[in-house]
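Thanks for coming. Please have a look at the slide first.

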Amino acid sequence: MNAFRTAVAVLLSTVVASHVDAADRKTIKIATEGAFPPWNAVDADGKAIGFDIDVGRELCRHAKLTCEFVTQDWDGIIPALNVGKYHAIMAGMSITEKRKQVIAFSRPYALTSNYFVIRKELDVPVMDADSKIDLSRNDDETKQILASLISNLKGHSIGVQRSTNAEAFIREYFGDSVEIRSYDNQDNLNLDLASGRIDGGLADYSVWKTFLASGQGATGAFYGPRISGGVFGPGVGIGLRKQDVDLVAIFNDAIDSVSADGTLAELSLKWFGADLVSR
């Protein structure tokens, strides 16, 4: 009987503790990469800055939460979430079906547009800069543009950040037609592109815009269509543990609020010079 009472007491205390944790959670630790400007970066004082960080602070303000940002290497950012190192991820992370198998996501707080950047001296056929590829579509126009892009870049070295949707796209659609170079972060990719060690790269528009506007990016230029959908997912969301359903709901409500009052659009204009949040 004593053993039974003890077991019941332990079970009840666990249930109560879980309920209290869900109801009274006030301080949230959010991970970001810190190497993906202007989405996220680290300033001279070692503090996280960028669009993700400003949005996160606004979301926490609306949700009446105290949030602390920490930096984490991209390769380990999801595993560290799942072992409880922090509560959430805000790192320009696209929502994809593959990632949804291991973590939960909030609704999107931004959209993504992916482009190739190549060295200006590269001898490749001209492509319409206003063309688009939506990988969720399978029409003839999309197939034709994609086929031209693959043909034009055949034999060239293309850099991508490791474990990203850009890498998944290149490997799936380009295969052996290009030499794929994978990098631990975008900064190292940019260095190799600027120095001519690779011919081009694939990344988000906002990341390229910052690079091309710098002296380092003077030798590069956008090439080809905007690429979205498919492996790139419906947009950028907050990564959360699957069991934290209450936190998903809290962040979703906060995203609705900062979207409706125009805060998201203002922050997008601040960091990207364009509205990457409105459909």
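Predicted model: local features only at pLDDT ≥ 70, side-chain atom pairs only at ≥ 80, totals over all residues.

Before anything else, one term: two strands count as paired if DSSP finds at least two bridges between them.

Now the overall picture. The chain has 279 residues, and 48% of them count as buried. Its secondary structure comes to 10 helices and 13 strands. Along the principal axes, the C-alpha atoms fill a box of roughly 80 × 35 × 35 Å. If you take the contacts with a separation of 6 or more, 70% of them are between residues 24 or more positions apart.

Let us take the pairs one at a time. S1 and S4 run parallel and are joined by 6 bridges. Within that pair, Lys29 stands opposite Glu68 of S4. On to S13, residues 239-240: S5 pairs with S13 over 2 bridges, in the antiparallel sense. Ile89 stands opposite Gly239 there. A general point for reading any sheet: in a regular strand, side chains alternate between the two faces.

Now two single residues. Thr32 lies in strand S1. Is Thr32 buried or exposed? Thr32 counts as buried, because its relative accessibility is 0% and the cut-off for buried is under 20%. Which backbone oxygen does the side chain of Thr32 reach? The one of Met90, at 2.8 Å. The side chain of Thr32 also makes a polar contact with the side chain of Asn40, at 3.4 Å. Leaving out residues up to four places away in sequence, Thr32 touches a list of residues including Ala48, Asp52, Phe69, Ile77 and Ala91.

That brings us to Ala91, in the loop between strand S5 (88-89) and helix H4 (97-100). Ala91 is at 0% relative accessibility and therefore counts as buried too. With residues up to four places away again left out, Ala91 touches Thr32, Glu33, Phe36, Asn40, Asp52, Trp74, Ile77 and Tyr109. Ala91 and Phe51 are 40 residues apart in sequence, and their C-alpha atoms are 9.2 Å apart in space.

Phe51 takes us to the cores. As a general rule, nonpolar side chains in soluble globular proteins tend to be buried together. In this model, the largest nonpolar core has 32 residues, and those touching the most other members are Trp39, Phe51, Leu59, Tyr109, Ile238 and Phe251. Which elements give two or more residues to this core? They are S1, H2, helix H9 (245-260) and helix H10 (263-272). H9 gives the largest share, 6 residues. Apart from this core lies another, of 23 residues, with Val124, Val160, Val178 and Ile227 among them.

As for Phe51 itself, its contacts beyond four places in sequence include Trp39, Tyr109, Leu264, Leu267, Ser268 and Phe272.

Last, helix H10. Its buried residues are Thr263, Leu264, Leu267, Ser268 and Phe272. Why do they count as lying on the same side of H10? Because they cover an arc of only 135° around the axis. On the other side of H10, Glu266 and Lys270 are exposed. The buried residues of H10 pack against H2, helix H8 (205-212) and H9. Just after H10 comes Gly273, with a positive phi of about 75°.

That is the end of the tour.

Notes: Residues numbered from 1 in each chain as written. Heavy atoms only, no water. Helix = DSSP H or I, 4+ residues; strand = E, 2+ residues; numbered from the N terminus. Buried < 20%, exposed > 50% of the residue type's maximum accessible area, 1.4 Å probe, protein only. Contact = heavy atoms within 4.5 Å. Core = buried A, V, L, I, M, F, W, Y, C linked by side-chain atoms within 4.5 Å. Arc of directions from axis to C-beta. Polar contact = N/O pair within 3.5 Å; in protein donor to acceptor, adjacent residues only side chain to side chain.
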